[in-house]
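Q: I want to learn to read a chain-chain interface. Can we go through one together?

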Amino acid sequence: MPLLDTQADDAFVQFERVQKSYDGETLVVKDLNLTLPKGEFLTMLGPSGSGKTTCLMMLAGFESATHGEIRLKGQPINNIPPHKRGIGMVFQNYALFPHMSVAENLSFPLEVRKMGKSEREEKIRRALDMVQMGDFGGRRPAQLSGGQQQRIALARALVFEPELVLMDEPLGALDKQLRETLQFEITRLAHDLGITVVYVTHDQTEALTMSDRVAVFDDGRIQQLAPPDELYEAPQNSFVAQFIGENNTLDGTVSQLSGDKCIVQLDSGEEIDALPVNVSNVGDRTLVSIRPERVEIDPDLGPDSHTLDAEVLEFIYMGDVFRTRLRVAGRDDFIVKTRNRADQVRLSPGQKVKLGWLPQDCRALDP
Amino acid sequence: MTDSATGPDQFTGATPDNALRDADRAAGPVLAADGRPLKQSLSRALRAQKLRALGLISPLLLFILITFILPIADMLFRSVENQIVSETLPRTVLALEDWEGEGTPDEVVFRALAADLVIAAEQKLHTRLGSRLNYETTGLSSLFRKTGRDVDEIGEVYLDQFEALDPAWEEPGTWVALMAAPDWIEAQADWAAQAEADRDFDSPEPRFRLDPAAGEAFPVAAPLYQRFAEVIQVENEDSPTEEEPWPIVYQALYEDLIAGHGEGVAGEAGRLIAAARDAVPGFETASAREGFLEIDEDWGNPEVWGTIQSFSDPYTAGYFLSSIDLQLTPNGVEKQPEDQQIYILLFQRTLFMSLVIMGSCVLLGYPIAFLLSNLPLRTSNLLLILVLLPFWTSLLVRTSAWKVLLQQQGVINDVLVWIGLVADNNRLELINNQTGTIIAMTHILLPFMILPLYSVMKTIPPYYVRAAKSLGATPFTAFWRVYFPQSVPGIGAGCILVFILSIGYYITPELVGGTTGTFISNRIAYHISQSLNWGLAAALGSILLAVVLVLYYIYDKIVGIDNVSLG
Ligand SMILES: Nc1ncnc2c1ncn2[C@@H]1O[C@H](COP(=O)(O)OP(=O)(O)OP(=O)(O)O)[C@@H](O)[C@H]1O
Ligand SMILES: [Mg+2]
């Protein structure tokens, strides 16, 4: 299993062959295997309906796994009710209790743990200071802005010092600027407190900037589990390649395969160099993927490398980069990004150029 | 910018920008773009909108006014209104003012009563007065009826003696000549001639007018004769020229003459009067008091007079006092006799049972509403229809069904006996008592608790309870500290609905309540449709209304009315 990448004995959270079905007909989560070491910030990223929330709910205890085992600190928790799991949780819609003040909201988890009054007050004060909301203890949630409510929700999930905190799209309802501020704060807090975080998001920038590792979900499976840079630069399959960042894809067939290099014959007849990732035999159908910023225009790559003929369709000036759309191998949507340097040529529509790339930048993936 | 037209502050007129600048400079009221105060502009802009809104609600407003506000106002009025006594017995009420409440009143009072009662009997008002006073003291209704039949005999002694003195006293014309204003006599004669000529006897005779001189000459007899003439004309559609006055008028005339009045009467009538003046000292006298006591000896009972005196004011607190088991007596406010104290008990019982019904509705309805709000919409809609199902059958049918189920030989007792929980000779009394009313009304009012609860619970998102559990709360704590407080508005709304509906409920307690399970509303209905004591019914209703309003106020203070939500 390629996804069991961490040793089971330092596992803090572990999903083992977990399946989940709501209706008994379709599996919403299919064979989930995931191991989290203590202190890791893991993000679950994926399209809507891919089963991220379901996984989180199974971990929190609000849904039961149909099959498989979930372990926390080595202990199976399938039969432990949610309130005994000691997992902090931040909900997308904050779920602050509307009939309690901010301080009472924070006091709630401490009261149910039968903590003394002075200790509670001390912890509440610290937690509020931690999210820079020290002066808001007396307010009702309805009297707070969205961002402030989110901070309180965060403080409430952290105030009882859980070792594991789950966050389901906590910043989904906020505007971009606020989101960036809070992203930074959440990562800072997570690192300062040394807590383990499982974070669900739709937003790939968020996933890439915040996480130690990202689990890309699709169709109830983890498509790839890797640190952000690896995810971006070395996607394991065409879903991940297309889901993360911008990407050019071309369809073709493997015509030569030797070790870590292969030659792919595109459907238009031209041949290109690529890195075999998900292809094993000559004659396999494949989808090759090249990041727009790794394409070189009129390259000088050596004698035996292949290049493609291209025609410039559009040139867009974006400030720090130029974005050029070209017609390549019969497709009109091939994008090339070049940095705005003093010596960078600016192409004009109709111009004919040659395109090339290093073979390791062009990944031959599953079709 | 050199263009003066667009430079700042170059316009002296009201441009939007200038207005804003003005507003900034002046610390006074904020101005709209046209220079008016913003508040004024705003209210102008809103006026049309308000008028439109008013137009839209006006049909309903009118409807409510006519069918709701006015009846309530009328009810409040009826609960204190008591004009019948002072209107029917005006002379008696006046004469009785100085009576101390000891023994029987003076002869003057009896004479006044005789005059009032003769007139009332002629107008058939004495029976209504009797029923009204009967609410306060039983027996008065028959006393008045009986007296009304015989009261015209009072004064006959005088009538006989006047007629013996001169047969002219038998003639209605004598009296007309004595009392009527000369111009009326002329007008009446014209009218009679005209009617004879046209053979049209339907047009009414001119209204009788008293001769002011006669009024002075006969201070007692003249007003009475005038009243007689009016009654004859209006009630009997007859003419004073053709009817001999009531005996009581003769007695009044006697009183005037014996007191030395009756001077300055001219002509033929003057001669008659002069003769009578000479004769009256020799007349045999008869006291009105004796006359009344002869008709019914109850007139000698101070309690009867006390009742009349106590209720002589046009407005009375008597109905309200009766509603709280007190009564108005000549000696002030007193408790009703022990065996007639029922209303306080009924009010207490109504409140208590309404609270019990409300409580059982909460206990039964809350879990149902909770279940409904947590089910998928399809299922919950189906179940909701079942909740509403009782509304599709008649209230009467449902209540009767409870009779079948709950009676001692009924289904529930049969089942209990069959199971062995209850001995056959010791079957439970489940109907015709408070238990029956509580069971049946809880059933009937349950939907009014479930619906607001359901619609409030529906709006409580499931993630609150999840959040509470994730924070370490046990399912019970999560429910009690997080879910329940948020459902309180629904409980509040349901409780208000159920309580207010049940406090005024009528049919069900009437059918299954027996004697111990009836409500105050049953008593109100009894007074409206059977005893016809509408004043008391109105007072009871007003008290009920006041109790509800007070409870509503207390509720607002404790729970807060903005804490009530129907969804
Ligand atoms: N309570 C439920 N009952 C039945 N099906 C459910 C339930 N919750 C989720 N599903 C289904 O399970 C699948 C996965 O849902 P899930 O909420 O885990 O997706 P997600 O990845 O969190 O999506 P999103 O990004 O939109 O939040 C979806 O097809 C959804 O319709
Ligand atoms: Mg989700």
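Q: How many residue pairs are in polar contact across the interface of chain A and chain B?
A: A polar contact is a pair of N or O atoms within 3.5 Å; within protein, one must be able to donate a hydrogen and the other to accept it, and residues adjacent in sequence count only if both atoms are side-chain atoms. Here the rule finds 3 residue pairs, both partners at pLDDT 80 or more. The model is predicted: local features need pLDDT of at least 70, side-chain atom pairs need 80 or more, and totals for chains, interfaces and linings use all residues. Residues are numbered from 1 along each chain as written, chains are lettered from A and ligands numbered from 1 in written order, and side-chain values use heavy atoms, without hydrogens and water.

Q: Which elements of chain A give two or more residues to the side that touches chain B?
A: Helices (H or I, at least four residues) and strands (E, at least two) are DSSP runs, numbered from the N terminus. The elements here are strand E6 (87-90) and helix H2 (102-111) of chain A. H2(A) gives the largest share, 3 residues.

Q: How many salt bridges are there between chain A and chain B?
A: A salt bridge puts a side-chain nitrogen of Lys or Arg within 4 Å of a carboxyl oxygen of Asp or Glu. The count is 2. Glu63(A) and Arg466(B) form one, at 3.7 Å, N to O.

Q: What area do chain A and chain B bury between them?
A: Buried area is the accessible area (1.4 Å probe) that two parts lose on being put together, summed over both. Here that is about 1800 Å², 68% of it on carbon and sulfur atoms. Phe62(A), His83(A) and Phe108(A) supply 31% of the area that chain A buries against chain B, more than any other three residues.
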